[in-house]
Amino acid sequence: MIAAWSSAQSCDFELSGRVIDEHDMQPLAYAEVFITSLGKGAVTNDQGHYRIEGLCPGTYQVRVHHLGCEPVTREVRLTSSTTIDFKLEHHAEELRELEVIQARPDEQVGQPAKSVDREDMERAAGTGIADLLARVPGVTVLATGPSIGKPVIHGLSGNRVLILNQGIRQEDQQWGSEHAPSLDPLSADRITVVKGAASVQYGSDAIGGAVIVEPVELPRTAGISGELRGLGQWNGRGGGGSGLLEGGVKGITGLGWRVQGSGRYLGDSEAARYTLSNTGQREWSGSASVGYRDHRRGASVFYSRFTRELGILRAAHIGSTTDLQRAIESGEPWYTAPFSYAIDAPRQTVTHHLLRVQGSIALTDRNRLEVNYGYQANDRQEYDIRRAGRSATPALDLWLATHTAEAVLKHWIGEHVHGKVGVTALAQENTNIPGTGVRPLIPDFRKESIGAFIIEHMPVGERLELEAGARAEGTLLHVRRFDREGQLQAPEHRFTNAAFALGASYQLSDSARLRLGLASAFRPPHVSELYSEGLHHSAAAIEEGDALLGSERSLKATLDAEAALFGGRLRIDATVHASRIKGFIYLRPDGTRLTIRGAFPVFRYTATDALMGGLDASATLKLSKRFAWRMRGSTVHARDQRRDEWLFLMPADRLENGLLFRTASGGKWRAFEAGATHQAVFEQRRIPEGLDFAPPPSTYHLFALSASASRTLGKGELRIGLQANNLFNTAYRDYLDRFRYFTDARGTDIVLSVRYAFGRFAEKRLHDAG
Amino acid sequence: MTISSKLLTLSLLAVFALASCKKDKEDDDHDHGHNHNEEELITTVRAYFTHSVTNDVVEFSWRDIDGDGGNAPVITGGELQPGATYAVSLLLLNESVTPADTISNEVAAEAAAHQFFFATTGGSLTWSSYADADSNGLPIGLATVWTTTAAGSGNLTIILRHEPNKSAAGVSAGDITNAGGETDIAVEIPYTVL
């Protein structure tokens, strides 16, 4: 368009040059170089050369794209034939050659994939990963008191949200709603939420979506870089810290290492009017990795260990429905004690180990083979309040070991079509460690699954990109349990599933993009849904599994629009989604049973068909050079189709408004940012009759303030941030907090965070801030 | 061999070594299996009513030998004399194991962390007072005193609270309202006064 007026002039110029890897200066073959406005382009040859002929004089947007690279766009003014070399960067933001398979959101053509803002990550330091993710519209938190949170995507959580940590599917007893993800958000450089059915890409369970946690890629050149963080938290009277150190090896370009460690120590949280006794938590985690990579091959080893100990609100431990009724009627916890750091029963300890080995090799210029192996061990103990000194003996003691392996061939077919084809395997074993003196909540089991998938991308013209994929997966589940007579039973279950994905991404203009996705996902029932049997203490309910349940299968459609309007003054991002889940498994009341603690309601795992839909949106309006207004909101509607009623425990509608201030410089301090936000979470009125013990909590409003700034200090960069959450100490309860029957949520919290970064981390952050 | 392939080989070796030694332990567990005994279960509540004059003993009981689920509990009421005073002692058992565990011994050993509460319907039987105390001089309820009036029938309720707040208002006098704690037992048994 820009060049259109000049069409009368001579149009025989050419644009040529090379596309090279910035770090090792190797040529990049099969990179695409396109002139956006003309729909004209070329693909580089083996030496990285490209040539586009027949160009008129003018100014063009040139976009360079290479498999595994973030596209680079540059403005080129053409007055004669010109030679331009493009360097594709290896920076964390731009290129993750090794991790591209699982992780690059750009591989999601049709699926809406949103990264958590870096400033949000800074601000949320000190909260768990679920609270961090809740900054993405459409993501909420399923909480169990102040110390346990699980991410909820479009109303689905637990086994319906897949967490991919370091490219490995996280297996940490995620079926339990009081089992928070066992990973440290401080270890992540980027966290992305895929808000679509994503089974093709990631395998079973990604019905609601997937959370992708990625570190920075390892350095390839010598020179030490690092980062130190410190954190002080007023509510809980504690804090945390983390440190990261990495470097390369002199003389061996491509070899890099990193060590990282972090810790958190918090005492009891405070609600607006009382102390939440026994809600302290401690976390310790560390990781080490080493790897080598060049343009053609790479290998890396990564190990991390995460340990968490947390207390569960004392007042939420109850023994009967009468106790629950009493808690609901009294409106405040029956047990409060002065603030303490001590953690007593009921409490949990979890240690999660992850070992990952990766290798990749370019078989030809057009094919790359990647293999990825992961071993995870999750060691979980839950301690209950028990008689005769048994509180020191875990009431639940589980060891879950998981091996995952995959081999993926990334390839080009012809000039434009590229994609990947792969096989994945999982072997898992769950063991109840003897000695608890309690009938196990879930039985021992062994699970094996194997799957194969293919996913291909095809650009059509300059603006449209299409994606199509499919996966087939089979799962074998061997269960070993003892019936009431002490007889060993060994039932076996087989599940076979298939999924497909279709996606399209359409560039409406340089500043607007539409994504349309239609994808399916599946989830075989978890052992807990098949064989649970017994009393769930904090829920005051007997939960019974159903061994005849089959897989959940879902079909989800998403339409996502991102646009910058009015010269970039208004940015909007909206996702509309609709899905149908066949065989949706949930707990449904099924009479009562008389026990020695009184009569309990019995809840049985039941399947139905669910129809869900909703909207997530965010908009940022630049008011002036320094001020901006931001709105974020989401709504989810979910129906039980067989019973024609609302589905239980779906997130309430919410809306956040914020005024943001940002200035690049101010004396020694740079990148000064401040914000004031208001969040309204509305009363959930879409509820089924008779499934809940108490009505949903009423609408609540929370206010927050934040400020942060950076400056150079020595050879590094110092950033200090201060944030106040729940500014007015509002007493509120959230519908998705399982402890809302017992207590208010947390009151005011003030968080001070300090980060010092040096080496490439300082450069990167400064670059981001600028 | 290049650096990368050496690294890869080494790391794969390490992985399999690690995986295999862990696996031995698990396989062992898996082959034998473990039936986890329910140690803390209370299957049985027995209340012995002893007539203060005749010393006749009437037994009331609530038994659910297989615990929650399975077979329904068996509830056995009793017949009491009118206008009498009874000394009542409670026995709690776990009869799912052989020999049966006497849970009331555990309650007595942790007396300060336990307290029984009682209620009746029908008006012919009334709970009157505690007849035991923990180390703080606060009631437990394994031994209590009851009285009967005229003939009639109704239900008696026995509640055991674990970790109650015994010093809260009214609790040591047997009022459960401010007791807190969690319920370990809440059973209802019919009675008749002849």
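User: What does chain A average?
Analyst: A pLDDT of 87, with 93% of the residues scoring at least 70. This is a predicted model, where local features need pLDDT of at least 70, side-chain atom pairs count only at 80 or more, and totals for chains, interfaces and linings use all residues. Residues are numbered from 1 along each chain as its sequence is written, and chains are lettered from A and ligands numbered from 1 in the order written.

User: Which residues have the most contacts inside the largest nonpolar core?
Analyst: Leu133(A), Leu164(A), Ala198(A), Ala210(A) and Val211(A), in a core of 86 residues. Such a core is a set of buried Ala, Val, Leu, Ile, Met, Phe, Trp, Tyr and Cys residues joined through C-beta atoms within 7 Å. Buried means 20 or more other C-beta atoms within 10 Å of the residue's own, C-beta atoms being placed from the backbone.

User: What is Ala198(A) in contact with?
Analyst: Beyond its neighbours within four places in sequence, Ala198(A) contacts Gln111(A), Ala206(A), Gly209(A), Ala210(A), Ala519(A) and Ala521(A). Another core, of 36 residues, lies apart from the largest one and includes Ala47(B) and Ile103(B).

User: Switching to chain B, how much is buried?
Analyst: 35% of its 194 residues.

Definitions and conventions:
A residue is buried if 20 or more other C-beta atoms lie within 10 Å of its own, exposed if 12 or fewer, and partly exposed in between; C-beta atoms are placed from the backbone. pLDDT is the predictor's confidence in each residue, from 0 to 100. Two residues are in contact if their C-beta atoms, placed from the backbone, lie within 7 Å.
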